[in-house]
Amino acid sequence: MSLSDKKFITVTLNPCIDKSVYLDTFRSGALNRTQRTEYKAGGKGINVSRAFLKLNVPTFAVAFCGSMNGARLDKIVSDEAIPHLWCTTASETRMNIKIIDEKNGSHTEINEKGAAVTSDEYSALISALKELFPVCKALFLCGSLPLGVEKSAYADIISMANKENIPVLLDADDEALALGLKAKPYLIKPNAYELSRLTGCKIKTKADAIDASARIFSETGTRILCTLGADGAVYTDESGFYTIDAPNVTITNPTGAGDTFLAAFAAAHFASATPMDALKNANNTVALMLK
């Protein structure tokens, strides 16, 4: 893939190794023996780039990478042939634990916060990212912020990208999402919990998500793609709102499902698909990739 081609660039400021431990039955407070263990390069942006790669959509992942876990992250991503640029940190890349109970289908997550990055390391990543702006079709800012990075980081990057007329899709939570929204990204992708925190209103149904999304779009002009887990998704833009039910498949390990949904929706959306066709493409892709 040539770096001269326009591509979807993802940014993962707090990447991880996802260690998924599969058990016949998980017993809290007792000895558990694994059936199998899988390691996967994680962090929302990397997940989005992985989905783009499987969809044969040009992509490029930018992320921090540090120490022993960073070396493992590099090997996994390289083995998957995901085009990437690492910005090295002295701190260890975090490892997140996913406990999958295969008997009852439960999924327990233990996510590390992640070590701090320095101001110099962050500046190096921003400089590298700016160099990629000329080949950026759309920019995806995804996931939590590491220690040492200001809560306004996403807002700052959005402002930089807006000056270059690069659409930014933001998938974040809490203050990083709230501040990022003020910078007017092209689209935000909260789940129900994140949308509740953003608006201060409980999001329990599609109707709740539609109302909250309509208010956000009216106030900011930013599109909203809200994923609701088993209740499907809601998309809102200048033409109104669109809803879709969740795909009727059993997903053993849901890690990255929302990221795959975002990638597939964006791939169709930026290829001029209608909102409903983009939602259908997202559903179908999640069903195929994660079942």
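Reader: Which residue lies over the face of Tyr22?

Author: A word on the source before that: this is a predicted model. Arg36 lies over the face of Tyr22, at 3.8 Å from the ring centre. A second case involves Tyr39, where the charged end of Arg72 sits over the ring, 3.9 Å from its centre.

Reader: How many aromatic pairs are there?

Author: The general idea is that a pair of aromatic rings is described by the distance of the centres and the angle of the planes. Here the count comes to seven aromatic pairs. Take Phe8 and Phe140: their ring centres are 5.6 Å apart and their planes stand at 85°, so the pair is edge-to-face. This pair links distant parts of the chain, with Phe8 in strand β1 and Phe140 in strand β8, 132 residues apart. Both Phe8 and Phe140 are buried.

Reader: What are the distance and the angle for Tyr235 and Phe265?

Author: Tyr235 and Phe265 are 4.9 Å apart, centre to centre, with 50° between the planes, and the pair is tilted. It too links distant parts of the chain: Tyr235 belongs to strand β12 (residues 233-237) and Phe265 to helix α8 (residues 257-269), 30 residues apart. Both Tyr235 and Phe265 are buried.

Reader: Which residues form one aromatic cluster?

Author: One aromatic cluster is formed by Phe8, Phe52, Phe140, Tyr186 and Phe270. Phe52 will return when we come to α1, as one of the buried residues of that helix.

Reader: Let us turn to helices. What span does α3 reach from its first C-alpha to its last?

Author: Helix α3 (residues 119-132) has 14 residues and reaches 20 Å from its first C-alpha to its last, close to the 20 Å expected at 1.5 Å a residue. The next thing to read is which of its residues are covered. In α3 the buried residues are Glu121, Tyr122, Leu125, Ile126, Ala128, Leu129 and Leu132. They cover an arc of only 165° around the axis, which puts them on the same side of α3. On the other side of α3, Ser119, Asp120 and Glu131 are exposed.

Reader: What covers the buried residues of α3?

Author: The cover includes strands β1 (7-12), β4 (59-66), β5 (84-89) and β8 (136-142), together with helix α4 (153-163).

Reader: How many residues of α1 are buried?

Author: Helix α1 (residues 44-54) is mostly covered, with eight of its 11 residues buried. Those eight are Gly45, Ile46, Asn47, Val48, Ser49, Arg50, Ala51 and Phe52. Arg50 has a relative accessible area of 5%. Not counting residues up to four places away in sequence, Arg50 touches Lys40, Ala41, Glu80 and Ile82.

Reader: Which residues have the most contacts inside the largest nonpolar core?

Author: That core has 48 residues, and Leu139 and Leu141 have the most contacts inside it. Leaving aside its neighbours within four places in sequence, Leu139 is in contact with Ile9, Val11, Leu129, Phe133, Ile157, Ala161, Ile166, Pro167, Val168 and Leu169. Apart from this core lies another, of 29 residues, among them Val48, Ala233, Ala257 and Ala264.

Reader: Is Leu195 buried or exposed?

Author: Leu195 is buried, with a relative accessible area of 0%. Leu195 lies in helix α6 (residues 192-199). Setting aside neighbours within four places in sequence, Leu195 is in contact with Pro190, Ile203, Ala209, Ala212, Ser213, Ile216 and Cys226. Sequence and space can also be read side by side: Leu195 and Pro146 are 49 residues apart in sequence and 21 Å apart in space, C-alpha to C-alpha.

Reader: One backbone feature remains. What is the phi of Ser67?

Author: Phi of Ser67 is near 60°, a positive value in a residue other than glycine. Ser67 is found in helix α2 (residues 67-79), and Ser67 is partly exposed, with a relative accessible area of 42%.

Reader: Where is Ala81 found?

Author: Ala81 is found in the loop between α2 and β5. Its phi is near 65°, again a positive value in a residue other than glycine. Just after α1, Asn56 takes a positive phi of about 60°.

Definitions and conventions. Residues are numbered from 1 along each chain as its sequence is written. This is a predicted model: local features need pLDDT of at least 70, side-chain atom pairs count only at pLDDT 80 or more; totals for chains, interfaces and linings use all residues. Side-chain values use heavy atoms; hydrogens and water are left out. Buried means under 20% relative accessible area, exposed over 50%, partly exposed in between (1.4 Å probe, protein chains only). Helices (H or I, at least four residues) and strands (E, at least two) are DSSP runs, numbered from the N terminus. The expected span of a helix is 1.5 Å times one less than its number of residues. The arc is that of the directions from the helix axis to the C-beta atoms. Contact means heavy atoms within 4.5 Å. A nonpolar core is a set of buried Ala, Val, Leu, Ile, Met, Phe, Trp, Tyr and Cys residues joined through side-chain atoms within 4.5 Å. Rings of Phe, Tyr and Trp (its six-membered ring) pair if their centres lie within 6.5 Å; planes under 30 degrees apart count as stacked, over 60 as edge-to-face and the rest as tilted. A charge sits over a ring if NZ of Lys or CZ of Arg is within 6 Å of the ring centre and within 35 degrees of the ring normal.
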